[in-house]
Amino acid sequence: MVPLVYFQLLSAALFIIGLYGVMARRSAVLIIMSIELMLNAVNINLIAAASHREGWGSFVNFDGQIIAIFIITVAAAEVGLAMAIILRMYRNRATVNVDEIDLMKW
Amino acid sequence: MSLHDLYLISPQLTMAGLGILVILLDLATDRKGWLAAAALLGLAAPLALTLVQLAQLTGIYGPALDNLTPASSILAPSLSVDRFGLFFNFLVITAAALVILASVDYVKGLTRLQGEFYGLLLLSASGMMLLASATELITIYVALELTTLPLVALAAFLMNARSGEAGVKFLIISAISSALTLYGMALIFGFTGSTSLEGIAAGLGQATAQPNLPFGSYALLVGVALLTVGIAFKLSAVPSHMWVPDVYEGAPTPVVAFLSVASKAVAFGLLLRIVYTAFPEMGPEWGILLAALAAVSMTVGNLVAITQSNIRRLFGYSTIAHAGYILVGVAAMSQTGAGENGVAGGGGFATFGPSSVLFYLAAYTAANLTAFFAIIAIGQRIGSDRIDDYGGMVRRSPFLAVALALALIALIGVPPTGIFVAKIYIFTAAVKSGLVWLAVLGVINSVISAYYYVKIIRVMFLQPIPEGGAETATGESGDEQPEAPTDQPSKLTNLAVALAALATVLLGLAPGPLLQAAESAVTALSGVALR
């Protein structure tokens, strides 16, 4: 069996790449994609942790996998809302560049 | 799932059902005035069910219980129907009712999607009620998203650039913080092997800890830090506070009113539950972490608020500062566990910190709703939310000017208002648990906050009506404001202002009953009994 720490390193690396993408990208759509990467890093971490841990009694602990399914579902709803809002913003401003969304600051 | 399980989550279910019902009713009827009436009358259902649950807890129908959820129920680890959750149910239902009442005139100005406005508000309220009772990580995550996503949609509700910008910023920051929360949850789950808060506490007891490290291990330290950053987003506290002023300025004002009180209150409920139930032994570590966040939040919020010229943006920074004050109470409670003398006073003192947090949340809800309802009504009259345009408000609309002044005085924390009592309780709790420096900082910050609150009162009462009125405002604050100036008085909004103002004063004059309710609510948290 592959040791748990490999999965955790992969997950941490993906999460940090996603976080970098959120900060470095200027297009709102790409920022949402980077956030999806962060969520999937979490999923890898959860599933690996769940499958490497002995459950109570004779059962395997499925909680980690169940959270992952919930995260995938809610993330889909989140992307739907995000795309709707970004589309609306594009119609208003003809841009999805977050640097140009600066009507309000300080 | 038995019928009793359905009964346990019936307040949340009826609230969500009501939201969907209002959206469907919008399709069926042309008389849009019925929508708000249906939403308001419908709120009686979750309220009645919460009352029934409370009656059962206090033993009117049989033995008094701590928790209605039986161990055999499939909801047992994930939902705890106790007095703590019910306290927040009442708070959320009251706030939702007042906000709907105050937004009737506002929503009439929208050309379409009126049903969706009320529907999303109610769906978000159902998420908040779920969050207050959730005791398991999956439920907490789903409830957090159910609370936030409708609010994001509402923030972007108006068809103008400002509202869209508020929506985009709210959405991106909420998505990032939910990713951070989840990574924290994943680490805590990996370390303890459980997703329920009580299971986490049990798992922590078995795990081997490194004594010289906060929280006993790196995985848990990082997990707790990430979880705290994620919850701070909902608290509108530092370090996740950057969305607050933008959303407060751009989003529709009734939405901001709801967001600023209900969403913040249940997030504090969640924080109390996590700290007490999942980490009963780790009071000192949480105390340091939360005290630092409290100090930075109130200082940043108050200092930046001084320079603001838009009243809604000013309230955005003011709410960050208030999140700081309330965090003082949470930090104080965390230290009562293993404080200076170990035994933590005993006899009522253990509940002092968390019950003062609950009382502050209720008092803040009343005062902040008064302020925002007055801002809605004034916005409808003058079509602007720049503070300079509020000049001479006492002559143009004496009732609203006095109500807003009352709310501002309450927010400073001057008697006879609820927040005065709440601040005394919170700072006393801080001093009793050895956080004297934090209490002193809190008092200094209250004095700083008086400056910008009184500035608004001075403009309203002493300055003349600005030349040209609203026309001067259009250049800066948007010609796309839905609150076009009207001369027709908004009776329902005024009624909401009056009710909220009454609650603000009543909580200051007779805080006893609510304080008792808060005390009995926090005893439902399993960790409180341990301390």
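Biologist: Is B:Asp82 buried or exposed?
Modeller: In this predicted model, B:Asp82 lies in the loop between helix H4 (44-58) and helix H5 (83-108) of chain B. Residues count as buried under 20% relative accessible area. Because its relative accessibility is 2%, B:Asp82 is classed as buried.

Biologist: With which side chain does the side chain of B:Asp82 make a polar contact?
Modeller: Leaving out residues up to four places away in sequence, B:Asp82 touches B:Leu57, B:Asp66, B:Arg273 and B:Ala524. The polar contact of its side chain, at 2.9 Å, is with the side chain of B:Ser80.

Biologist: Which helix holds B:Gly418, and is this residue buried or exposed?
Modeller: B:Gly418 is placed in helix H18 (residues 418-432) of chain B. Its relative accessible area is 2%, and the limit for burial is 20%.

Biologist: How far apart in space are B:Gly418 and B:Thr365?
Modeller: Beyond its neighbours within four places in sequence, B:Gly418 is in contact with B:Phe359, B:Ala363, B:Thr504, B:Leu507 and B:Gly508. B:Thr365 is 53 residues from B:Gly418 in sequence. From C-alpha to C-alpha, the two are separated in space by 9.8 Å.

Biologist: What area is buried between chain A and chain B?
Modeller: Contact between the chains involves 41 residues of chain A and 46 residues of chain B. Carbon and sulfur atoms account for 74% of the buried area. The total is about 3700 Å².

Biologist: Which residues form the salt bridge across the interface of chain A and chain B?
Modeller: The rule finds 4 residue pairs in polar contact across this interface, together with 1 salt bridge. The nitrogen-to-oxygen distance in the salt bridge is 3.6 Å, and the cut-off is 4 Å. The side chains that meet are those of A:Arg93 and B:Glu165.

Biologist: Which element gives the largest share of the side of chain A that touches chain B?
Modeller: Helix H1 (4-24), helix H2 (28-52) and helix H3 (63-93) of chain A each give two or more residues to that side. Its residues divide into 28 nonpolar, 6 polar and 7 charged. The largest share, 16 residues, belongs to H3(A).

Definitions and conventions: Residues numbered from 1 in each chain as written. Chains lettered and ligands numbered in written order. Predicted model: local features only at pLDDT ≥ 70, side-chain atom pairs only at ≥ 80, totals over all residues. Heavy atoms only, no water. Contact = heavy atoms within 4.5 Å. Buried area = accessible area lost by both parts, 1.4 Å probe. Polar contact = N/O pair within 3.5 Å; in protein donor to acceptor, adjacent residues only side chain to side chain. Helix = DSSP H or I, 4+ residues; strand = E, 2+ residues; numbered from the N terminus. Nonpolar A, V, L, I, M, F, W, Y, C, P; charged D, E, K, R; others polar. Buried < 20%, exposed > 50% of the residue type's maximum accessible area, 1.4 Å probe, protein only.
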